[in-house]
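I opened this notebook to record what I looked up, one entry at a time.

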Amino acid sequence: MARSEPIRAVRGVRDILPADRALWRAAEQAAVSTARRFGYEEIVTPIIEQAELIDRVGEETDTVAKELYRFEDRGGRKVALRPEATAGVVRAYFEGGLNQRPQPSRLYLLGPMFRYDRPQKGRYRQFFQFNIEAIGSSSPALDAEVIELASEWLVESGLKDVLLDVNSIGDAKCRPAYLERLKEYYRPLKSQLHGECQARLERNPLRLLDCKVDICQPFKAAAPRITDHLCDECSAHWAAVLRLLDAASIEYRLNPYLVRGLDYYTRTVFEIIPAGASGQQDSLGGGGRYDGLAAAEGWPATPGVGFAGGLDRVTELMAAGGEEIVPSPPAEVVILPDPNLDIAAADVARICRTVRTVSVDYEPKSLRAKMRSANKIGARWVVLLSAEDSARQVAQLKEMAGGEQTEVAWADLPGRLA
Ligand code: HAM
């Protein structure tokens, strides 16, 4: 292979560079502290899962049918890179015996997900999510809790101008009859729908409702609404969720066209978008109830509800909103040794590291050049080290701001830097 071109990152994935990490860390820390305040515990599940786990939860969805990174490993096992975390968290809940503990299990997870979609701004093939899952209860109070937690996370990340869309899409008892009505409504209109919607009509008619293509829009308004066709249990559950949201003063929009892109949802579904947004890749996060998921995976039927927020989009919006987090310098103290003093410089760094972040400039360049580098990275102090000073176990401590320089014994450095 020709070796002329430098190797670049895989299409659709990106690096998060140190300058951007401060903002990411703020969003992650807001996620962790919000989740902890609500009594959620951290869980980490593998990035690879058996492909079948993912297939079982949504063969009809784009995420699984078209966007899944699936491959055979060297042992011939069919595996997939997780496109989302909920299926894996539910699997781990049973395999790890969390179902034996007091219920529900409140869990959160931060990590990368993978979807082979066409990359564009806000849509990546590797992206990061903050997930929360409450597994083992069908109480509508948990639907409201998850929504409140998600909203609080965004507020804590500095995003106040967001909209919450909510809907209920029924369950295995009432949805089939509704889907028949929906198909009946759309069949005479089939030839007027765009190609993908024509295919969806018989296979996954619910998705007709959240189609964003212009020519399909005029037919939505008169389509039957699922919230008018819920069974008594789903209807009571839905009313309770809305009552709880009202009581918590959480503003929402009832959106009868919100159905979500994954197959496993039952009853409550919701999505959070920035105010003024329209595109699908604008959604900051979404979730809902998935009472049939555990059984679809082959585990005992167990209800659950959860949410996932996209960190890529949240941090992009934080930055666009002027949220600026000045990253702390990589090192507060930089040791600048003269040539051939690597051992002494490492010693002095070790001493200073007891109180400050410290790096050593080992490069063979002039003191002026070293000072310039230390200044550029934002160091507060430099420690100049000559052979003569080193022999006496002293060094010159210089404060970058004032320019003041004093001789300090190595042992006294921590005291002077504290
Ligand atoms: P989702 O709506 O597929 O839900 O994804 C949640 C969020 O992840 C989206 O709102 C978006 O912010 C972000 N996201 C999704 N795909 C991409 C992408 N290609 N690039 C950047 N960000 C992306 C779920 O994943 C469900 N598991 C949520 C859930 C948890 N439901 C119940 N529990």
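I noted the cut-offs for cover before anything else: a residue is buried under 20% relative accessible area, exposed over 50%, and partly exposed in between, with a 1.4 Å probe and protein chains only as cover. Strands (E, at least two residues) are DSSP runs, numbered from the N terminus.

The model is predicted, with local features needing pLDDT of at least 70 and side-chain atom pairs pLDDT 80 or more, while totals for chains, interfaces and linings use all residues. Residues are numbered from 1 along each chain as its sequence is written, and side-chain values use heavy atoms, leaving out hydrogens and water.

**Entry: strand E11**

I looked up E11 (304-310). Seven of its seven residues are buried. Both faces are covered: I found Gly304, Gly306, Ala308 and Gly310 buried on one side, and Val305, Phe307 and Gly309 buried on the other.

I then checked its neighbours, where two strands pair if DSSP finds at least two bridges between them. E6 and E11 run antiparallel and are joined by seven bridges; Phe130 has Gly309 as its bridge partner in E11. E10 also runs antiparallel to E11, with five bridges, and there Gly287 is partnered with Phe307.

**Entry: the ligand**

How many residues surround the ligand? I read 26, the closest being Glu84, Arg115, Glu133, Tyr265 and Ser283. The shell divides into nine nonpolar, 11 polar and six charged residues; Gly counts as polar here, and Asp, Glu, Lys and Arg as charged. E6 (126-135), E10 (285-289) and E11 each supply at least two residues of this shell.

Next I listed polar contacts, which are pairs of N or O atoms within 3.5 Å. A ligand nitrogen is 2.9 Å from a side-chain N or O atom of Glu133. For the side chain of Thr86, the corresponding distance to a ligand nitrogen is 3.0 Å. Phe307 has a backbone N or O atom 3.3 Å from a ligand nitrogen. Taken alone the ligand exposes 660 Å², of which the protein buries 94%; these areas come from the Shrake-Rupley method with a 1.4 Å probe.

**Entry: a three-strand sheet**

I also found an open sheet with the order E2-E4-E3 and antiparallel pairing.

Conventions. A residue is near a molecule or strand if one of its heavy atoms lies within 4 Å of it. A polar contact is a pair of N or O atoms within 3.5 Å; within protein, one must be able to donate a hydrogen and the other to accept it, and residues adjacent in sequence count only if both atoms are side-chain atoms. Helices (H or I, at least four residues) and strands (E, at least two) are DSSP runs, numbered from the N terminus.
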